[in-house]
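Here's a quick briefing to read with the model open in your viewer.

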Amino acid sequence: MSGKQKTSRLGQTLLPWLVPALIILAWQFAASAGEIDSRVMPSPLAVLKAGKDLAASGQLWLHLKISFIRAMIGFAIGGGIGLALGLITGLSKRSELLLDSTVQMIRTIPPLALIPLVILWFGIDESAKLFLVAFGTLFPVYINTYHGIRSVDAGLVEMARSYGLKGWPLFRDVILPGALPSILVGVRFALGFAWILLIVAETISASTGIGYLATNAREFLQTDVVVLSILLYALLGKASDAVARLLERRWLRWHPAYQ
Amino acid sequence: MNAPFTVNGVALQLTGVGKRFEQKTVLHELDLTLHAGEFVALVGRSGCGKSTLLRLVAGLDQASAGLIEADGKPHNAAKNDTRLMFQDARLLPWKSVLQNVGLGLSGDWHDRAVAALAEVGLSEHAHKWPAQLSGGQRQRVALARALIHRPRLLLLDEPLGALDALTRIEMHQLIERLWQHHGFTVLLVTHDVQEAVALADRVILIEEGHIGLDQAVELPRPRARGTATFAALEERILNRVLALPDIGALDALPAATEPIVPAALRWAL
């Protein structure tokens, strides 16, 4: 009984990896057999080797670290502003009237459409990339924070008030935890979006970062490094999503959906 | 005979209390006296104003007219001596059962919360989340949350409306026992005439914002529902509730050829 449960749990952990593993096997097989031109698509082993070489020279870690720091700082700025604005408009009707329609108007601008303007404003240095990431991550966090606060159960707020809670304790014990599931959804969206924007920003103008690694490799026809960069972005995106899900599981333990 | 063993409740005096929402008058200059430690049930059709009256006493809404006094002084529900239980338990889902009971308390409330949970028989569930409890257990947590404040006036707004019949009877016994032990004054709003007769010293019928009936229930406690006097009293009140036709409900009924059995209508009120 328990042995069977163990195998089924192991199976549940391994099963999602089955299809990726098969694809990589087929890919390697086709590349070794000469079915795929290595200039079009290098074999998985070649990509792995490129990664090993770059790691050995220290290049890989340098670019990875810089991209990671850019994404996190940009997200911290954008998400922070989004959270603050969402809290302000969610908690006060007057601020909502004052600010919400403006924010919604700016939200409709695609961040990538700002690139020419951003280059004019900031040139091609760090702040241009941070601005793009911050701009893109602000709105998912803003909308979900605002919506989360507005959808907090009014009955719970009434109950808490009748038990003497107001001000900061009311916010800390009732409103913020009630809005948290929605806020975390916004954070997950924003993290995913942060990487997309960073790829574009780093591809256009950078001398460091994974985007630079890819663009530079393209100049020298190093397809293996280009593919490696793409995979690195995928890994980073997956890792940040995993962190967000970890936060959900930890902070939303009470929620039946996370038990 | 019916009085609680210890009396610790407030005496509540409502004089000319009225409530208007814009053009609609929900309560007309209502006078009502609750003695200290008395258990009073408010019954009536949906929309008769009984819940509005309770919300006024709870301080959730402000009366448009009249005076609410507790022990001869203007009633201030914000003080710790008035506690309200809602139809839904309204527990904070992100706090454990124990933390919910201690809501709004400062200092070292842990032992008091444990004791309050023991009073409602939920000690072993202290560290669960509210989502892991049944509906009846959640209402018992809400009751413990009210009790920990040592209320002198307990307001119950159809707290058992969503529970099944068996759980409801268990809750009746629990509420009666806690009332006798703590001696607070109780004002219970309910749709269920049988519940009102089983629990209350007095049953008050609210009709269109007026008091339609003020019926003392002088049955010995604990009350057995099967007795003839219980049934007669229940039927008398129920007939009085039904005496004033509910226009909407009558329109909805087909031409009534069968006699209406009051007992069958109890849940429809």
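Helices (H or I, at least four residues) and strands (E, at least two) are DSSP runs, numbered from the N terminus. Keep in mind that this is a predicted model. With that numbering, R150(B) falls in the loop between helix 4 (135-147) and strand 7 (153-157) of chain B, and we'll come back to that residue below.

- For the complex, the predictor reports an ipTM of 0.79 along with a pTM of 0.80.
- The average pLDDT of chain B is 85, and 87% of its residues score at least 70.
- Watch out for residues 247-269 of chain B, where pLDDT stays under 50. The model has 14 contacts beyond four places in sequence for that stretch.

**Chain A: fold and dimensions**

- Chain A has ten helices and zero strands. Read from the N terminus, the elements go α-α-α-α-α-α-α-α-α-α.
- The radius of gyration of chain A is 23 Å, while a compact globule of 259 residues would come in near 18 Å.
- Along the principal axes, the C-alpha atoms of chain A fill a box of roughly 75 × 65 × 30 Å.
- Of the 259 residues in chain A, 31% are buried.
- Take the contacts in chain A with a separation of 6 or more: 72% of them come from residues 24 or more positions apart.

**Chain A: what the UniProt record says**

- An unreviewed UniProt entry lists "domain: ABC transmembrane type-1" for residues 64-244 of chain A. In the model, that span is 86% helix and 0% strand, and its end C-alpha atoms lie 20 Å apart.
- The unreviewed UniProt entry also lists "transmembrane region" for residues 68-92, 104-124, 130-149, 170-187, 193-213 and 225-247 of chain A.
- One of those listed stretches, residues 130-149 of chain A, is 100% helix and 0% strand in the model, with 28 Å between its end C-alpha atoms.
- Another, residues 193-213 of chain A, is 76% helix and 0% strand, with its end C-alpha atoms 20 Å apart.

**Where the chains meet**

- The A-B contact involves 13 residues of chain B and 13 residues of chain A.

**Chain B: two domains**

- Chain B splits into domain 1 (12-81 + 150-268) and domain 2 (90-149).
- Domain 1 of chain B puts 13 residues into the contact between the two, and domain 2 of chain B puts in nine.
- Which element gives the largest share of the domain 1 side? Helix 5 (residues 165-182) of chain B does, with five residues.
- By class, the domain 1 side of chain B that touches domain 2 of chain B has nine nonpolar, two polar and two charged residues.

**Chain B: a buried alanine**

- A142(B) sits in helix 4 of chain B.
- Buried or exposed? A142(B) is buried, because 24 other C-beta atoms lie within 10 Å and the cut-off for buried is 20 or more.
- Leaving out residues up to four places away in sequence, A142(B) touches M85(B), A89(B), R90(B) and L91(B).
- A142(B) and W179(B) are 37 residues apart in sequence, and their C-alpha atoms are 15 Å apart in space.

- As background, most residues other than glycine have a negative phi, and most peptide bonds are trans.
- E22(B) has a positive phi, near 50°, without being a glycine. E22(B) is in the loop between strand 1 (12-21) and strand 2 (24-34) of chain B.
- E22(B) counts as exposed because it has 5 C-beta neighbours inside 10 Å, and the cut-off for exposed is 12 or fewer.
- With 14 other C-beta atoms within 10 Å, R150(B) is partly exposed.
- The peptide bond joining R221(B) and P222(B) is cis, with omega at about -5°. P222(B) is in the loop between strand 10 (210-216) and helix 7 (228-243) of chain B.

Technical notes: Residues numbered from 1 in each chain as written. Chains lettered and ligands numbered in written order. Predicted model: local features only at pLDDT ≥ 70, side-chain atom pairs only at ≥ 80, totals over all residues. pLDDT = per-residue confidence, 0-100. Contact = placed C-beta atoms within 7 Å. Rg over C-alpha atoms; globule rule 2.2 N^0.38 Å. Domains from an automatic or database assignment. Nonpolar A, V, L, I, M, F, W, Y, C, P; charged D, E, K, R; others polar. UniProt positions renumbered as here; feature names shortened; annotations may be inferred.
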